[in-house]
Amino acid sequence: MKRLCICEICSCGRHRCPHRPTALYGKPNMTCVLTEYTEKYPAYGGYNPPQSLKPKPVNHGDRGRMDGTTTFKTDFIPYVVTRRPGKQQAEYKPKPGDIDLGTTYKQDYSLYEVQPFAPSRPSERVYATGHKMDTVPTYKEDFRQWEMCKRELKKPDLTYHPPDAKFDGHTTFQDDFLPRGLAPRQSFKPSSIPKISDTPFDGVTSNQQCYVSHPLEARWVKVPEPYKPSSQPLQDLTTNRRDYQGLPGQLPQSYKPNPGKVTSDVPFQSSTEFKERFQQWPVSLPQLHKSLQYVSPTEHMDMSTTSGADYVQHNIQPFISAKPFNRPTKSSAPFQVCTTMRDDYQPWEVKRQAMIKKPEEMPRATGQMDHLTTFKAHFTPHELQPNVSFKPAHAPMRADAPMEGGTMYSTEFTPKRISVCPASYDSPPGFVFEDSDDRGHRFYRKLPSKDMNKMAAGMAVAVVS
């Protein structure tokens, strides 16, 4: 009989066998029911897992005896530490009287009998006829297939035909181009000589000719209204002053401990491990190196050189230049300071043109500003009228028809039987555990129908009892 694994018995897809990664180097004879890797993978011999070069964690014991004393243990003086007193909470005392649990919602809200909402959608009607449906569409009746003939290609013949004549090597540029001599171009640039007009400059503009000044009217001044103070006293009582009443109370007490210093009468031990073990060594001053005193030589110094001793002087005449001397030419005529620039250029008297200002249309005011705007002068106050609200009244809609509580889910729902996955039990019903492999798969054997009936009867008796 075929054996089944938990992975195959499960019907909900949530139960799997625990896969063990330690079976990588094993060579089981049985095939894996989960994958076919072990069946198709060729095994190679002579393979050993790599050896780890990590040193083994061997504990090396200390050969000597350890001294557990430290400078902190020797210098530290333990003090008696007392626990801080805890904060005592005040005893809870309930307030006398009853609590009013009434709300404005309970007082103002009144219950109404609300009828269920009746849908206004009409019921669906099915119009069925006993005639047979003609399935031939209008496209098949109206469409007639035409006889199609193959079109002839109108593509030109683009095959290359080599010429029969001999290649001469001349181009169209060589045949059409005729060399001509170079001719200078005529310049059309205008001359840069300014043209000066003989007529005087006319500085009168159209604004100066056509502008007509008009007199301004006097400004209207509104008479200020005198301030009239109110005869009623100012009501400066706010809701905070009216509703808030200060209750007498005491200031909270601070439970912070006094910032006192923890002192001791024992003298301070200023000796440290560094002072006890450090030994002062004698230090000598560094020796200074004295430079030797310079002593001048007593013998005579020979100042002669090889060039002065071996050089022989010759009588040679100096070189005479054949270049004639430059003789300055002086003229008795006076120096002419005049130039063409001074003769042709005559300075003109240039005066700076005065700035043209437009005369003021409105004269500046000399009196004091009244700060009156056109809005204040022409504004007329009106009495405000509240807007009429067209919002419908917040009243519930009532209907005399009973509410139809039926839904599509309640009419079309079909109850189905809920089945329990057999792999969720410790021992699946109808199966007997046989063995498990090194990869973690648990194999079960299915019981025959006779044994299944006996087991079901036993389970029913156990449930009844």
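Two strands are taken to pair if DSSP finds at least two bridges between them. In this predicted model, 3 strands form an open antiparallel sheet in the order 1-3-2. Its edges are strand 1 (3-5) and strand 2 (431-436), each of which pairs on one side only. Neighbouring strands of the sheet are turned by 40° against each other on average, with direction ignored. Strand 2 is joined to strand 3 (residues 442-446) by 5 bridges, and the two run antiparallel. Within this pairing, Phe 431 has Lys 446 of strand 3 as its bridge partner. Strands of a sheet pair through backbone hydrogen bonds, in either a parallel or an antiparallel manner.

Side chains of opposite charge can pair when their charged atoms come close. In the whole structure, 3 salt bridges were found. One of them joins the side chains of Asp 435 and Arg 3, with an N to O distance of 2.9 Å. This pair links distant parts of the chain, since Asp 435 lies in strand 2 and Arg 3 in strand 1, 432 residues apart. Asp 435 has a relative accessible area of 25% and is therefore partly exposed; Arg 3, at 26%, is also classed as partly exposed.

A further salt bridge is formed by the side chains of Arg 242 and Asp 243, at 3.4 Å from N to O. Arg 242 counts as exposed because its relative accessibility is 53%, and Asp 243 is exposed with a relative accessible area of 56%.

The side chains of Glu 273 and Arg 277 also meet in a salt bridge, at 3.2 Å from N to O. Both residues lie in helix 9, where they are 4 residues apart, about one turn of the helix. Glu 273 is partly exposed, with a relative accessible area of 39%, whereas Arg 277 is exposed at 65%.

A nonpolar surface patch of about 280 Å² is made by Ile 77, Tyr 79 and Val 266. Val 266 is located in the loop between helix 8 (239-243) and helix 9 (273-277). Its relative accessibility of 49% places Val 266 in the partly exposed class, because exposed residues are those over 50%.

A search of the whole structure gave 0 disulfides. Cys 7 counts as buried, with a relative accessibility of 17%, while Cys 210 is exposed, with a relative accessible area of 60%.

Conventions
Residues numbered from 1 in each chain as written. Predicted model: local features only at pLDDT ≥ 70, side-chain atom pairs only at ≥ 80, totals over all residues. Heavy atoms only, no water. Patch = residues over 30% accessible without salt bridge, like charges linked within 9 Å, V, L, I, M, F, W, Y side chains within 5 Å. Areas by Shrake-Rupley, 256 points an atom, 1.4 Å probe, with all protein chains shown as cover. Salt bridge = Lys/Arg side-chain N within 4 Å of Asp/Glu carboxyl O. Buried < 20%, exposed > 50% of the residue type's maximum accessible area, 1.4 Å probe, protein only. Disulfide = S-S within 2.5 Å. Axes fitted to C-alpha atoms, helices over the stretch in contact; angles between N-to-C directions.
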